[in-house]
Amino acid sequence: MPPDEPAIRARGLTKRFNALVAVDHVDLTVPASHVYGFLGPNGSGKSTTIRMLCGLMTPTSGDISVLGLDVPREAEALRRRIGYMTQRFSLFEDLSVRENLEFLAAAQDIPKDRTKRRVDELIAQYDFADRERQLAGTMSGGQKQRLALAGAVIHEPELLFLDEPTSAVDPESRRDFWEKLFELADAGATILVSTHLMDEAERCHRLAILNRGRLVADGSPAQLTGALEGRIVEVVTPDARKAHRMLAGQPGVISVAQIGNNLRVLAEPGEDVAARIQASLRTAGLQSEAVTVPANLEDVFVATTGADRGRTADRPAA
Amino acid sequence: MVKELRQLRRDRVTLAMIIGIPVMQLVLFGYAINLNLRGLDAGIADQAGTAGSRAVVMDMAATGVIKPVVAAATPQQLMDELRRGEISVGVVVPPDFERRRAEGREAVQVLVDGSDTVVQSAAIQLARMPLDYGRSLASVTGLREVTPDQISVVSFYNPERRSEVNIVPGLIGVILTMTMVLFTGVAIVRERERGNMELLIATPVSVSELMVGKVLPYAAIGLLQTTVVLLVGLLLFNVPIRGSVLDVYVAAVLLVLANLTLGLLISTRAQTQFQAMQMTFFVFLPSILLSGFMFPFAGMPRVVQWVAEILPLTHFVRLIRGIMLRGASLLELWPNVVALLAFTAVMMSAAILRFRKRLD
């Protein structure tokens with residue numbers, strides 16, 4: 001594979017389950033040695049896309065090339081070069097840490113004489129030295145995820161698929177987990193990680209946002225937030241609840257969310273958005289101070305996946 | 001309660017089982033199980049070859065209890081056929097039949113395979129039946145007729161008619177059928193339920209490696225179970241092993257493989273462990289009833305016999321009774337060996353074909 005060749009290239013990727021279109025004409029390019037984030041609400045087609053990319057599901061239509069291999073035709077050859085970590089903990093709960101790793105080494109055809117060295121190495125790297133005999137089922141969520149990651153990289157794959165790896169893990173374990181991901185990326189691995197957590201998305205080199213099976217945004221976090229320049233307005237007002245109700249129905253306002261005592265408004269693109277909001281609140285008899293602020297990824301998420309999926313306080317969050 | 005019914009309605013396999021199991025039981029018990037045996041395969045060694053001897057044999061066949069399928073020259077040939085399980089009854093008419101008949105001595109011998117006690121009783125009844133026994137012929141020729149007390153029954157392999165001798169060998173098969181099918185079926189479905197399978201199929205492990213890896217450990221467990229039943233049978237019930245012990249184990253391995261591959265096939269179909277258990281039961285029930293373990297094969301209608309021929313347990317019961325009770329060798333019983341191997345091959349191929357390394 002030439003060095004500038006992307007690790008994953010998918011064109012027109014589509015998956016239908018009877019009437020349901022789970023993934024709808026997704027084009028995707030994942031550059032090598034990147035941590036590539038896959039952001040989207042539940043049911044947006046993240047898992048299905050990942051499964052198609054690693055050859056576990058056959059696309060209804062579309063072309064996939066992963067590490068230069070044609071998928072699903074060359075899926076068997078691909079399996080030796082990728083690691084896959086499922087959404088659910090899928091190691092054996094009734095095997096110990098070491099036994100799980102030894103089993104995976106065998107499943108990956110790692111020669112017997114190299115297995116012990118590799119397993120020892122992983123146990124040290126992933127901090128299992130004092131619990132290598134512990135049964136996987138008795139460990140905490142964070143430890144399980146760490147073990148699953150160790151298992152997924154046992155054969156030193158060039159490409160790692162992680163399907164919502166940290167959704168059930170506390171913040172500290174999550175930070176450790178991401179440290180490990182960057183170590184792997186530094187060592188040259190490409191990582192595709194799906195998530196619905198904003199703080200994780202912010203760490204990725206590049207992001208794709210999926211909504212209802214469609215790719216709605218693709219770029220680096222800075223590019224994505226930069227695109228919302230001038231559309232995010234923070235409103236400081238004594239009666240935030242009232243201002244919220246008032247603004248929610250306004251033309252030009254996509255979503256309003258209450259953050260503490262303040263409001264965060266996502267507006268349609270336009271001139272002087274902040275001044276217009278302040279003016280309309282004044283007409284309604286509300287004192288306020290409105291300023292444009294830099295967008296964050298949560299704003300991008302809300303803007304691309306639709307206000308109904310966002311964090312507006314009077315509607316259920318995604 | 002409404003919730004249970006709603007869930008049930010969506011579980012189509014369970015629904016099929018709810019209807020299927022009672023219907024199957026009714027059909028099996030109603031049609032298949034017949035303790036009034038008819039049509040036992042019989043071998044005839046008529047060494048006298050007189051009009052009188054032929055009349056006696058024809059009378060016996062006319063009862064419908066036996067169905068002559070083999071004509072042998074000597075009683076020794078009949079014994080071989082009996083040991084191989086080709087026939088379950090042999091009728092021997094000695095060369096001096098006419099003289100014995102005239103003198104009122106024992107004139108006809110019925111040899112019976114006692115490894116099935118029901119067959120044994122049927123043969124004894126046959127000998128006691130109020131038959132014509134050439135009486136009509138006798139009245140014409142003026143010769144003396146054959147009376148029931150001139151017919152002797154010689155029972156082989158289990159002359160004391162101990163039912164445990166009959167049951168224990170087959171029980172090995174029943175235990176193996178139940179546990180082996182269930183183990184593999186449930187083991188694979190459990191991995192699918194827990195998500196282990198998704199991880200496994202994302203690795204380079206091939207389908208056949210996956211299947212063989214699942215089957216082998218359980219085969220070892222199956223042999224362990226065989227040993228336990230054999231030992232208990234020997235120590236507690238004094239059940240003999242007249243053939244070679246090696247043959248017994250080879251037969252057990254054949255059955256274990258057949259059942260494990262069946263379990264694999266079930267696992268490719270069942271979505272939950274509960275469904276896997278139900279499907280196992282669906283196979284297990286006819287196995288017990290139709291295999292000849294509980295009720296003699298000869299008593300079943302032809303169509304049911306065809307169904308029974310498909311079941312691995314049927315062939316195993318024939319093998320194991322042949323080896324343990326009649327001292328037959330595996331080679332002599334080869335058709336059953338072939339049947340078990342064929343069953344295994346078909347199930348394994350079907351399981352591998354059905355099992356995709358895909359999630360859709």
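## Exercises on a two-chain model

The contact (heavy atoms within 4.5 Å) brings together 17 residues of chain B and 24 residues of chain A. The model is predicted, so local features need pLDDT of at least 70 and side-chain atom pairs pLDDT 80 or more, while totals for chains, interfaces and linings use all residues. Residues are numbered from 1 along each chain as its sequence is written, chains are lettered from A in the order in which they are written, and side-chain values use heavy atoms, without hydrogens and water.

### Exercise 1
Task: describe the area buried between chain B and chain A.

Solution: Start with the term. Buried area is the accessible area (1.4 Å probe) that two parts lose on being put together, summed over both. Here the value is about 1,900 Å², and carbon and sulfur atoms give 52% of this area. Next, look at chain B: B:Leu199, B:Pro204 and B:Arg358 supply 31% of what chain B buries against chain A, more than any other three residues.

### Exercise 2
Task: find the salt bridge between the chains and the helices on the chain B side.

Solution: Apply the rule first: a side-chain nitrogen of Lys or Arg must lie within 4 Å of a carboxyl oxygen of Asp or Glu. One salt bridge is found across the interface. B:Glu198 forms a salt bridge with A:Arg51, with the closest N and O atoms 2.9 Å apart. Then turn to the helices (DSSP runs of H or I, at least four residues; strands are runs of E, at least two; both are numbered from the N terminus). In chain B, helix H8 (163–194) and helix H9 (196–201) each supply at least two residues of the side that touches chain A. The largest share, five residues, comes from H9(B).

### Exercise 3
Task: is A:Pro157 buried or exposed, and what does A:Pro157 touch?

Solution: Locate A:Pro157 in the loop between helix H5 (141–152) and strand S7 (159–163) of chain A. Now use the cut-offs: buried is under 20% relative accessible area, exposed over 50%, partly exposed in between (1.4 Å probe, protein chains only). A:Pro157 counts as buried because its relative accessibility is 11%. Beyond neighbours within four places in sequence, its contacts are A:Arg81, A:Ile82, A:Gly83, A:Ala152 and A:Ala189.

### Exercise 4

Solution: The bond from A:Val71 to A:Pro72 is cis, with omega near 5°. A:Asp109 is not a glycine, yet has a positive phi of about 60°. At 39% relative accessibility, A:Asp109 counts as partly exposed.
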